[in-house]
Amino acid sequence: KKVIVEKNGVIEWVTGSFGSRISMLYPMSILNGENAKTEFTVGLTIPDVQNYVPGSFDKGSYPMIGVTENVKEVVIETKNIISSVQFDITGEKAISKIELFSEDLALAGAAQVVAAYGQNPVVSVNGETAVNKVVLLCGDGVQLGQEPVEFHIAFAPCAGSLSVNIYDTEGGYVTKNLPVREYQRNERVRYTTNYVPERSVVDDLKTAFEKGGEYKLPVDVTV
């Protein structure tokens, strides 16, 4: 779908679905005048499951919006609408997945984006679909070494406390609490760490059996 929004005009995109497992929509709003605005309602999804891509983001996880003053412009300025972290990790193990999570912050899910010419886009995650964890899957494992390996995760702008679980292919993992801060739109925050597993999924399961009762693992794991 495509629409041209003239001076002081507003277009609101509203989407719906009946029974489809996966839907992908690509609305286009051409803001052709001063104070022209466009609003996407449940038209954009920040994925809570992303795949490792060497030196970059997973396809579809880092959306941008292009805003132009008129339809005659040849070059359209695009702006990032979400935030991201880059983990530079060294070590000896192979990483199987990384989880970025929060107790109370919306990191992914269906989002609403408001864009206007000459202004920065604003994104907010729909409360009903909000997810507080983003998982980066690393396939059969990404081997670490002495040189840092980059892992990129995209998520909704937020402010507060985030934590990360880093898993290796042998069942070990480590949990780290990141500094409390604001993660702004169009910002990539870098963290450097040397991966040394502090806990093991196997050890956690042994503890559960020894207790002989219900035991909740400190993180979500698949064994």
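Okay, Lys133 first: this lysine is partly exposed, at 21% relative accessible area, where partly exposed sits between buried, under 20%, and exposed, over 50% (1.4 Å probe, protein chains only). Before I go on, this is a predicted model, so local features need pLDDT of at least 70 and side-chain atom pairs count only at pLDDT 80 or more, while totals for chains, interfaces and linings use all residues. Numbering runs from 1 along each chain as its sequence is written, and side-chain values use heavy atoms, with hydrogens and water left out.

So what does Lys133 meet in a salt bridge? The partner is Glu99, at 3.9 Å, N to O. By salt bridge I mean a side-chain nitrogen of Lys or Arg within 4 Å of a carboxyl oxygen of Asp or Glu. Glu99 lies in strand E9 (residues 94-101) and Lys133 in strand E12 (residues 133-143), so this pair ties together parts that are 34 residues apart in sequence. Strands here are DSSP runs of at least two residues, labelled E and numbered from the N terminus.

Glu99 itself counts as buried, at 2% relative accessibility. Glu99 also bridges to Lys97, with the closest N and O atoms 3.4 Å apart, and Lys97 is buried too. That gives a salt-bridge network of Lys97, Glu99 and Lys133.

The whole structure has five salt bridges. Another one joins Glu187 and Arg181, with 2.7 Å between the closest N and O atoms; Arg181 is partly exposed at 30%.

Okay, sheets. There's an open one of three strands, ordered E13-E8-E18, with mixed pairing; two strands pair if DSSP finds at least two bridges between them. At the edges are E13 (149-155) and E18 (188-195), each pairing on one side only. Strand E8 (residues 83-91) runs parallel to E18 over eight bridges, and Ile89 has Thr193 as its bridge partner in E18.

Last thing, the packing. The largest nonpolar core has 41 residues, and Val85, Phe87, Ile98, Phe151, Phe155 and Tyr183 touch the most other members. A nonpolar core is a set of buried Ala, Val, Leu, Ile, Met, Phe, Trp, Tyr and Cys residues joined through side-chain atoms within 4.5 Å. E13 gives the most to this core, with five residues.

Which residues does Val85 touch, leaving out those up to four places away in sequence? Among them are Leu100, Phe151, Ile153, Tyr183 and Tyr191, with contact meaning heavy atoms within 4.5 Å. And there's a second, separate core of five residues, including Val5, Ile11, Trp13 and Leu31.

Definitions and conventions: Helices (H or I, at least four residues) and strands (E, at least two) are DSSP runs, numbered from the N terminus.
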